[in-house]
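Hello,

Here is the structure I promised to pass on. Please open it alongside this message, and my notes follow below.

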Amino acid sequence: MRPPSPAQPATLFWQTGNAGDPWWQRRPKLRGVNVGGWLVLEPWINTALFRAHPAVAGRDGLAGDPADSEYALCTRLGAATAAAVLGAHRRNWLGAADFHAMAVAGLNAVRVPVGYWGVLPRGRRGRSTSSDPYVGPVWTHLDDALSWAATARLGVLLDLHAHPGGQSGEAHAGRARGDRWTPDDWDVETALDAVAALAGRYGAITAVDGSCSATPPALLGLSVVNEPDEHIPPDVLLAFYRRAYAAARAGGLRAETVAFVGDNLVLDLHAYQCFGEGWAAASLADILHTWEPGRGYAGGGNGSGGSGAGERVSELAAVGRTLNRWVLVCEWSLRLPWSGVGVATELAAARAPSPPPTRRHALP
């Protein structure tokens, strides 16, 4: 059982309209940030942590995988050391002050990625993952995040970021197996158990003894999978979304209060302006202008030439209109890597106003 939530205003910072209206009538425009690297580790985010506990040359410190990951880190540390290292990391990575800083910066939402190992006890981790090395559970940290967010008047999107067996072979799924991963490795049944566990923890239900639990006021949505691999058959993925939706609603996450982020209701799109030679050749100013209607850089698009100038926002809006769905851009990157002039210089140049067009004077 989770601790009772402190009394909070019925209307949070991310909401508009009347408190009794369902969320889709309150039309919130979310401006948020991810707290990646907290409850799901990724080497590119948690660089210092992985450097402090590197894979030793001459030994299999990657658990047989082609790249590093939380799975490999926990394997080479061993159970006791992994629990100590990750416990300290989770306690110190962020806190209430960070959520307050988000609100001060003008943000109104935060996405909290969590791995399945954080919400399922080891004995329920599935057919192929019961002996995995991950450290869990993390309920206390999730409870804290929802409490901090409510105090700061932020909305929280809980994101089941890493599935048992992996929804892909990437490190963000917990284990970086690369091409060794196949769709058959994805343990759908245990992933659904994790969805049910989150819903059971935070859903509004009435117990057999008559006691009631309420959904935390800061919980605005549940995302049930992050970046499933494109090789998962569409019918398999759609069936998962449908069953996950049923599990979330059965657990008490009511449709009028908690959005379901998946393929069929609220779409989660990731917009990275950093992969491919086209984006690498663009300046930050070019990329920023790409998001301004009528302006932009036409050389991105994952290195393939990209869309027309200024059409990125229009494209996303068209997706929402065509499918009649809400659209969230839950992950994005404007620029990687930064150019050699440095971040501050490039940002200053991007913010500088464009020079006026040159006037051509007619000859007398």
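**What lines the largest pocket**

The residues lining the largest pocket divide into 22 nonpolar, 16 polar and 11 charged. Please keep in mind that this is a predicted model.

The lining has 49 residues in total. Glu227, His270, Tyr272, Phe275 and Glu331 lie nearest the centre of the pocket. Several elements each give two or more residues to the lining. They are β1 (32-34), β2 (109-115), β8 (266-272), α11 (301-305), α12 (312-323) and β9 (326-333). Strand β9 gives the most, with five residues. The space in this pocket is about 1,400 Å³.

One more point concerns strand β1, where Val33 lies. The C-alpha atoms of Val33 and Trp332 are separated by 9.8 Å, although the two residues are 299 apart along the chain.

**Salt bridges**

Side chains of opposite charge can pair when their charged atoms come close. The structure holds nine salt bridges. Three of them are set out here.

Start with Arg111 and Asp268. Their side chains meet in a salt bridge, at 3.9 Å from N to O. Arg111 lies in strand β2 and Asp268 in strand β8, so this pair ties together parts that are 157 residues apart in sequence. Are the two partners buried or exposed? Arg111 is buried, at 5% relative accessible area. Asp268 counts as partly exposed, at 22%.

Next come Asp143 and Arg201. Their closest N and O atoms are 2.5 Å apart, and the two residues form a salt bridge. Asp143 is in helix α6 (residues 139-152) and Arg201 in helix α7 (residues 188-202). The pair links distant parts of the chain, 58 residues apart. Asp143 is buried, with a relative accessible area of 13%. Arg201 is buried too, at 17%.

**Aromatic pairs**

The structure holds 10 aromatic pairs. Two are described here.

Tyr71 and Tyr134 come up first. Their ring centres are 5.8 Å apart and their planes stand at 75 degrees, so the pair is edge-to-face. The cut-off for that class is over 60 degrees. Tyr71 lies in helix α3 (residues 70-77) and Tyr134 in the loop between β2 and α6, so the pair ties together parts that are 63 residues apart in sequence. Tyr71 is buried, at 17% relative accessible area. Tyr134 is buried as well, at 3%.

The second pair is Tyr245 and Phe260. Here the ring centres are 5.2 Å apart and the planes are at 85 degrees, so this pair is also edge-to-face. Tyr245 lies in helix α8 (residues 234-250) and Phe260 in strand β7 (residues 259-261), so the pair ties together parts that are 15 residues apart in sequence. Tyr245 is partly exposed, with a relative accessible area of 28%. Phe260 counts as buried, at 2% relative accessibility.

Tyr71 and Tyr134 also belong to one aromatic cluster with Tyr116 and Trp117. What lies over the face of Tyr71? Arg175 does, at 4.1 Å from the ring centre.

**Where to look**

For the aromatic cluster, go to Tyr71, Tyr116, Trp117 and Tyr134.

Best wishes

Definitions and conventions: Residues are numbered from 1 along each chain as its sequence is written. This is a predicted model: local features need pLDDT of at least 70, side-chain atom pairs count only at pLDDT 80 or more; totals for chains, interfaces and linings use all residues. Side-chain values use heavy atoms; hydrogens and water are left out. On a 1 Å grid over the protein atoms alone, a cavity is a set of points where a 1.4 Å probe fits but cannot get out, and a pocket is an open set with protein on both sides within 12 Å along at least five of seven lines; lining residues have an atom within 4 Å of a point. Grid points are joined across faces, edges and corners, and a volume is the space filled by probe spheres set on the points. Helices (H or I, at least four residues) and strands (E, at least two) are DSSP runs, numbered from the N terminus. Ala, Val, Leu, Ile, Met, Phe, Trp, Tyr, Cys and Pro count as nonpolar, Asp, Glu, Lys and Arg as charged, and the others, Gly among them, as polar. A salt bridge is a side-chain nitrogen of Lys or Arg within 4 Å of a carboxyl oxygen of Asp or Glu. Buried means under 20% relative accessible area, exposed over 50%, partly exposed in between (1.4 Å probe, protein chains only). Rings of Phe, Tyr and Trp (its six-membered ring) pair if their centres lie within 6.5 Å; planes under 30 degrees apart count as stacked, over 60 as edge-to-face and the rest as tilted. A charge sits over a ring if NZ of Lys or CZ of Arg is within 6 Å of the ring centre and within 35 degrees of the ring normal.
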